[in-house]
Amino acid sequence: MSDTSRRPRKPGKPYRRPKKDPVRVLAFEALRAVDERDAYANLVLPPLLRKAREKGDFDGRDAALATELVYGTLRRQGTYDAVISACVDRPLREVDPPVLDVLSLGVHQLLGTRIPPHAAVSASVELARVVLGDGRAKFVNAVLRKVAQDDLDGWIQRVAPPYDEDPEEHLSVVHSHPRWVVSALWDSLGGGRAGIERLLEADNERPEVTLVARPGRATTAELLGEEAAVPGRWSPYAVRLTEGGEPGAIEAVREGRAGVQDEGSQLVALALANAPLEGTDEKWLDGCAGPGGKAALLGALAAERGARLLASEKQPHRAGLVAKALEGNPGPYQVIAADGTRPAWRAGSFDRVLMDVPCTGLGALRRRPEARWRRRPEDLEGFAPLQRDLLRAALDSVRVGGVVGYATCSPHLAETRAVVEDVLKQRADGELIDARALFPGVPELGEGPDVQLWPHLHGTDAMYVALIRKVGEVG
């Protein structure tokens, strides 16, 4: 490759070194990590921000802008790809990924923020000069000038098919979800256009940080003393931080007495803990416990009743996270690294069993927007046998009269009702409990007996739970 810096320069403007903008360089680095390493932004971004603050490059406003650029770009990637496609003369797959990341950041500033168009283009071109070089910066400049000729609504009219002609593709482009995800969510939600549009819009909103005050270790009153903290909507242990904030700066969180946990996740654990039992209530199992949020809440609830929790997680490093989450629990507990499909305990050992199974994660797209672009319909086939095996193992592990909670962070029918129905058809020792009664005060829970939570209806991740009572031996 030739060194263009040594070529004789034509008369005219003197060469100007590109100005490095720490905020946009950091946002670019985060997007590259998401693309190259299949990392998640919620794991990549915090250490990058921390490092920038330690170097003195960032203040609070800079961190907020960098966060908005990264998450906004990832959430609207599908829409922005359609716009960029209309402005380049080649398929997007032929545009180098680093170039596409710079373009996407620029398009988000143009169409998704209040940054003036000239400033958005100028800043993006400067970023391109820093991270890509002058030649590619010219390409970025040309594309973004085309994008700047219209606003978001104008571009959507140009690149999205009319709703009446192709509803799913229209919603896919407008709300930046893969078409197959739109179809799956619509099937699970049911209803007409208004509901699915509200759901897709909610998926693209930044979620509030929700804390859990672990019973016996912290109180909501303590957490409500934090800045911009308000009570949760449904869980008695939930506190929402309405202006974001850094949970790690809160003493109770640093000490493990409280944690970050979506309110839907809290409600699932509470539903299992409060389900009526026949007989003893001494031994609880979390059979897929990583990374430990539900296990920590269950452990605290069990301790209040004098019960013992066994938290099992197949992956040793995730079992370590569970142990850290449970550290300091006031009651007895044990954490083991074990495969939930091959129980390391005797059948019928437990009074309550939670099986929060591995899934596509389509219920947490607000928090992990990049997941929508990584998942494929064929992933469902990979999860299906495991989900059924884990539910069968859970039913084997609970005693007669005890209760199993089958949970997923996905609303996809293939991962929720289909799994439960298939397993219960194959055996005669389980019956569904109407879980709705165990979500007091929570509206719009459907026809039951299982419960599906929704971001647009409940302000939670799209958590699913079915509660099953063990009624007898396998028939």
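This is a predicted model: local features need pLDDT of at least 70, side-chain atom pairs count only at pLDDT 80 or more; totals for chains, interfaces and linings use all residues.
Leaving aside neighbours within four places in sequence, Phe58 is in contact with Pro22, Val23, Leu26, Leu49, Ala52, Arg53, Ala63 and Ala66.

What is the wider setting of these contacts? Phe58 belongs to the largest nonpolar core, which has 56 residues. Phe58 is listed there among the residues with the most contacts inside the core, together with Val70, Leu111, Val140 and Val147. Helix 1, residues 22–36, gives the most to this core, with 9 residues. The core also draws at least three residues from each of two domains: domain 1, residues 22–153, and domain 2, residues 160–203. Apart from this core lies another one, of 38 residues, including Leu298, Ala307, Phe439 and Leu467. As a general remark, in soluble globular proteins, nonpolar side chains tend to be buried together.

I turn now to the annotation. The UniProt record, an unreviewed entry, assigns residues 185–471 to "domain: SAM-dependent MTase RsmB/NOP-type". In the model, that span is 34% helix and 21% strand. The C-alpha atoms at the ends of residues 185–471 lie 33 Å apart.

My last point concerns Arg427. Where does Arg427 lie? Arg427 is in the loop between helix 19, residues 417–426, and strand 10, residues 430–433. Is Arg427 buried or exposed? Arg427 counts as buried, because its relative accessibility is 10% and the cut-off for buried is under 20%. Which side chain does the side chain of Arg427 meet in a polar contact? The partner is the side chain of Asp396, at 2.8 Å.

Key. Residues are numbered from 1 along each chain as its sequence is written. Side-chain values use heavy atoms; hydrogens and water are left out. A nonpolar core is a set of buried Ala, Val, Leu, Ile, Met, Phe, Trp, Tyr and Cys residues joined through side-chain atoms within 4.5 Å. Buried means under 20% relative accessible area, exposed over 50%, partly exposed in between (1.4 Å probe, protein chains only). Helices (H or I, at least four residues) and strands (E, at least two) are DSSP runs, numbered from the N terminus. Domain bounds come from an automatic or database domain assignment. Contact means heavy atoms within 4.5 Å. UniProt positions are given in the numbering used here, feature names are shortened, and annotations may be inferred rather than shown by experiment. A polar contact is a pair of N or O atoms within 3.5 Å; within protein, one must be able to donate a hydrogen and the other to accept it, and residues adjacent in sequence count only if both atoms are side-chain atoms.
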